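My entries follow in the order I made them.

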Amino acid sequence: MRQLLVFAERDDAEEVAETLGEWFPELGVPRVVRETLAGEDDAEDAQWLVVAEGLDRAQWERVDALVEEYDGWRESG
């Protein structure tokens, strides 16, 4: 199942993606994409997403703890 890890800062998203690539090398490094909020004109309000999939429940618990360290959250995608 695909999950989106959402962050306010690009640097945070990139660091989390790199960490996930190190923790789970069989999955490769997840993509980091920018999501502009609907109706927002200011590029500063864009969110940064790490697209991750292929992890089991125990792995997601570890990922959730990492995401919280960076003030992010996880959504189903």
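Entry 1, the pairing of E2. I began with E2 and strand E3 (residues 47–52), which run antiparallel and are joined by five bridges. Within E3, I found Trp-48 standing opposite Arg-34. I note here that I am working from a predicted model.

Entry 2, the overall layout. I counted two helices and four strands in the protein chain. Read from the N terminus, I get the order β-α-β-β-α-β. The chain has 77 residues, and 36% of them count as buried. I also looked up the contacts with a separation of 6 or more: residues 24 or more positions apart account for 63% of them.

What is the order of the four strands in the open sheet? I read E2-E3-E1-E4, with antiparallel pairing. The edge strands are E2 (31–35) and E4 (73–76), and each of these pairs on one side only. From one strand to the next, I have a twist that averages 30 degrees.

Entry 4, the partners of E1. I followed E1 to E3 and found antiparallel pairing over five bridges. Leu-5 stands opposite Val-50 in E3. I then turned to E4, which pairs with E1 in the antiparallel sense over four bridges. Ser-76 in E4 is the bridge partner of Gln-3.

Entry 5, burial of E1. Why do I call E1 largely enclosed by the rest of the structure? Five of its five residues are buried, so the description holds. I checked the two faces separately. Gln-3, Leu-5 and Phe-7 are buried on one side, and Leu-4 and Val-6 are buried on the other, so that both faces are covered. In a regular strand the side chains alternate between the two faces of the sheet.

I looked up the largest nonpolar core and found 15 residues in it. Those with the most contacts inside this core are Leu-5, Phe-7, Val-16, Leu-20, Val-50, Trp-60 and Val-63. At least two residues of the core come from each of E1, helix H1 (10–23), E3 and H2. Leaving out residues up to four places away in sequence, Val-16 touches Leu-5, Phe-7, Leu-66 and Tyr-70. In soluble globular proteins, nonpolar side chains tend to be buried together.

How many aromatic pairs does the count come to? I have one aromatic pair. The rings are those of Trp-23 and Phe-24, with centres 6.2 Å apart and planes at 90 degrees, so I log the pair as edge-to-face. The cut-off behind that label is an angle over 60 degrees between the planes.

Conventions: Residues are numbered from 1 along each chain as its sequence is written. This is a predicted model: local features need pLDDT of at least 70, side-chain atom pairs count only at pLDDT 80 or more; totals for chains, interfaces and linings use all residues. Side-chain values use heavy atoms; hydrogens and water are left out. Rings of Phe, Tyr and Trp (its six-membered ring) pair if their centres lie within 6.5 Å; planes under 30 degrees apart count as stacked, over 60 as edge-to-face and the rest as tilted. Two strands pair if DSSP finds at least two bridges between them. Axes are lines fitted to C-alpha atoms, for helices over the stretch in contact, and angles run from 0 to 180 degrees between N-to-C directions. A nonpolar core is a set of buried Ala, Val, Leu, Ile, Met, Phe, Trp, Tyr and Cys residues joined through side-chain atoms within 4.5 Å. Buried means under 20% relative accessible area, exposed over 50%, partly exposed in between (1.4 Å probe, protein chains only). Contact means heavy atoms within 4.5 Å.
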